[in-house]
Amino acid sequence: MNYKKLIICIPLFLFALIVGAQDKNAVTFEMKLSKSKLGINERLRVDFTMNKDGDNFNPPDFTGFRVLMGPSQSISSSWINGVRSYSKTYSYTLAPTARGKFTIKQATIVIDGKTFKSLAKTIEVTAAVDKPSDQMTADDVADENLHLVAEVSKTNPYLNEAVSVVYKLYVSPTISVSNYQPLDNPKYNNFWSQDIKVSSLNAQNGTYKGKPYRYVILKRVVLYPQKSGKLDIEPLSLDVTVDVPTNKRDFFGGRVYSQTNKTVSAGKRTINVKNLPLANQPEDFNGAVGDFDFSVTTNKTSLNASESLQAIVEVSGKGNLKLFKLPEPVLPSSLEVYEPEFNEGVRTTLRGMQGKVSNNFTIVPSFKGKYPIPPIKFSYFNPKTEKYTTLSSDEIIVNVLEGPQNTVSNTTGIPGSNKQNVIATNNQFNFIKLNPSLKPIGSYYFVGSNLFYGLLLGPLLLIPLAIIFRKKRDEIASDVVGNKVKKANRLARKYLSKAKKELGQKESFYVALEKALHNYLKAKLKIETSEFSKDKIIELLSKKQVDENTISSFIELLKNCEAARYSPFSDVQMQNDYDKASETISVMDKQL
């Protein structure tokens with residue numbers, strides 16, 4: 001009877017061994033939660049654990065939660081009694097964003113060519129709970145004591161009125177920040193923008209929501225809205241490394257700190273940009289917004305014909321100095337006017353642009369007489385008074401003392417109509433020949449004629465010219481560096497000409513302008529494009545003894561070309577940059 005029981009038990013024992021071996025080889029992939037119910041001010045840890053390594057791990061979207069940390073990986077492997085134990089875990093730290101019940105959906109992973117899914121689990125988020133200070137994690141402390149704020153100077157500005165944005169990081173005295181890194185910089189679409197450099201991060205005492213804090217200014221920027229309506233200022237986001245004190249002490253009695261990373265954001269800010277009023281808007285208004293002074297001056301009022309004088313049209317004060325076009329004088333047709341030289345002395349602070357801009361016109365009179373430069377008007381909108389102001393210059397009389405008389409009345413002309421009458425002299429008929437060399441009509445013989453000897457000897461004379469030409473061409477072909485320089489010079493002129501044609505088209509204009517500047521440097525400094533960097537350019541130009549103002553202008557143009565990719569630029573700014581590029585290249589030509 002005992003033998004029969006033994007015979008029955010043996011198969012059952014073997015079956016159990018086989019099943020146990022299969023269980024050990026079975027793949028497991030599961031989700032583990034630190035808690036299934038938590039307060040909105042608490043943190044949740046989620047672990048996805050597997051007993052075999054896999055690929056293509058795909059986490060759920062964690063609806064209702066914000067990911068504070070993760071995914072972090074941990075792997076454990078051991079051998080016990082000849083049996084290998086393996087475990088791999090993906091971990092996340094989550095913060096709830098609202099109260100209620102939320103489902104953390106399935107995660108997937110591919111192991112041995114098969115896709116495995118974890119089971120979904122439900123979490124209940126309740127109202128904030130009181131946690132003893134000794135139970136608060138480093139993330140909890142960082143959340144309560146670290147804040148990034150964007151302070152906007154004005155939320156309801158006028159079009160083209162300055163708005164400053166200052167980004168401050170508030171830190172409670174109970175914690176410290178050891179490092180930070182920008183994650184997402186705002187692009188300021190529909191704004192003309194300029195960063196105000198923060199030279200050093202100096203901690204200052206302040207308050208946040210009535211509590212004492214320390215703060216540092218991380219970023220300052222001045223914006224000029226280029227469009228009316230509601231405009232969004234994109235948020236600045238930072239990844240901050242925070243040192244949080246714990247209740248533990250080290251061997252020497254010092255407090256032990258726990259380090260954690262926290263993502264902070266200044267949040268999106270919206271400003272409502274008001275359009276400039278149309279009522280009482282002057283006809284000559286050209287977009288100037290601010291508080292300005294206006295003047296028109298000349299370096300002389302008495303001169304002789306064919307001499308030149310300088311007329312300067314200048315606007316100074318506070319406002320959008322770089323974003324409008326200066327008025328131009330309308331002069332008598334007897335005064336020849338050249339393209340103006342634009343000068344800019346503007347600095348940008350948190351209050352906006354201030355300084356002056358001017359056009360320097362070169363004027364050359366052709367005839368003797370007195371010529372008036374009529375008054376020029378300049379209109380601007382003052383956002384403080386919310387009114388338009390029109391300024392007018394005084395009339396200037398130019399007295400031409402010596403020169404030919406003008407038989408045509410001194411009318412005020414328009415560009416392109418400065419026509420001058422012909423002045424008669426005693427030799428006006430010199431083009432008529434009084435003693436012509438005439439020959440009688442006769443028979444013509446080709447042999448012995450000048451053409452005959454020319455055709456006969458011409459090929460012999462061309463042989464040495466061909467040899468010289470061939471040698472010259474070979475020399476040019478062998479001069480690799482010289483050819484590259486000539487090619488770069490041609491390309492610089494080509495792209496500068498193209499930039500002029502693309503005025504008004506921001507992207508294509510600045511691409512062409514940047515290529516023109518780069519090829520100009522290749523031609524003058526004989527360097528390859530791969531060597532281009534602003535520090536390298538400054539170093540090379542300084543060695544060539546180019547003055548600092550010209551170098552600064554060139555570097556500023558390169559910066560404008562780069563900034564145009566992500567900032568709006570007005571037509572006036574493009575025209576100013578083109579004029580500045582032409583002037584800078586002309587000045588550098590004389591110095592290189």
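Visitor: At roughly what angle do the axes of helix H7 and helix H8 cross, and within what distance do they come?

Guide: In this predicted model, the axes of H7 (residues 548-563) and H8 (residues 571-591) cross at roughly 140° and come within 10 Å.

Visitor: Why are H7 and H8 called oblique to each other?

Guide: Angles over 145 degrees count as roughly antiparallel, and 65 to 115 as roughly perpendicular. The crossing of H7 and H8 is at roughly 140°, and H7 and H8 are therefore oblique to each other.

Visitor: What is the hand of the crossing, and which residues of H7 and H8 make the contact?

Guide: The crossing of H7 past H8 is left-handed. H7 contributes Thr550, Ser553, Phe554, Glu556, Leu557 and Asn560 to the contact. From H8 come Gln573, Asp577, Lys580, Ala581, Thr584, Val587, Met588 and Gln591.

Visitor: How do the residues of the contact of H7 with H8 divide into nonpolar, polar and charged?

Guide: There are 5 nonpolar, 6 polar and 3 charged residues in the contact of H7 with H8.

Visitor: What makes E4 and E9 the edges of their sheet?

Guide: The sheet is open, with 3 strands in the order E4-E8-E9 and antiparallel pairing. Strand E4 (55-58) and strand E9 (114-117) each have a single partner strand, so one side of each is left without a neighbour in the sheet. On average, neighbouring strands of this sheet are turned by 25° against each other, direction ignored.

Visitor: How do you know that E4 and E8 pair?

Guide: Pairing requires at least two bridges between the strands. E4 and strand E8 (residues 108-111) have 2 bridges, in the antiparallel sense.

Visitor: What makes E22 and E27 edge strands?

Guide: Their open sheet has 3 strands in the order E22-E30-E27, with mixed pairing. Strand E22 (302-303) and strand E27 (369-373) each pair on one side only.

Visitor: In what sense do E22 and E30 pair, and over how many bridges?

Guide: E22 pairs with strand E30 (residues 396-400) in the parallel sense, over 2 bridges. Ser302 has Asn399 of E30 as its bridge partner.

Visitor: What is the average pLDDT of the protein, and where is pLDDT below 50?

Guide: The average is 81, and 81% of the residues score at least 70.

Definitions and conventions
Residues numbered from 1 in each chain as written. Predicted model: local features only at pLDDT ≥ 70, side-chain atom pairs only at ≥ 80, totals over all residues. Heavy atoms only, no water. Axes fitted to C-alpha atoms, helices over the stretch in contact; angles between N-to-C directions. Helix = DSSP H or I, 4+ residues; strand = E, 2+ residues; numbered from the N terminus. Parallel < 35°, antiparallel > 145°, perpendicular 65-115°, else oblique. Left-handed = near helix turned anticlockwise from the far one by under 90°. Contact = heavy atoms within 4.5 Å. Nonpolar A, V, L, I, M, F, W, Y, C, P; charged D, E, K, R; others polar. pLDDT = per-residue confidence, 0-100.
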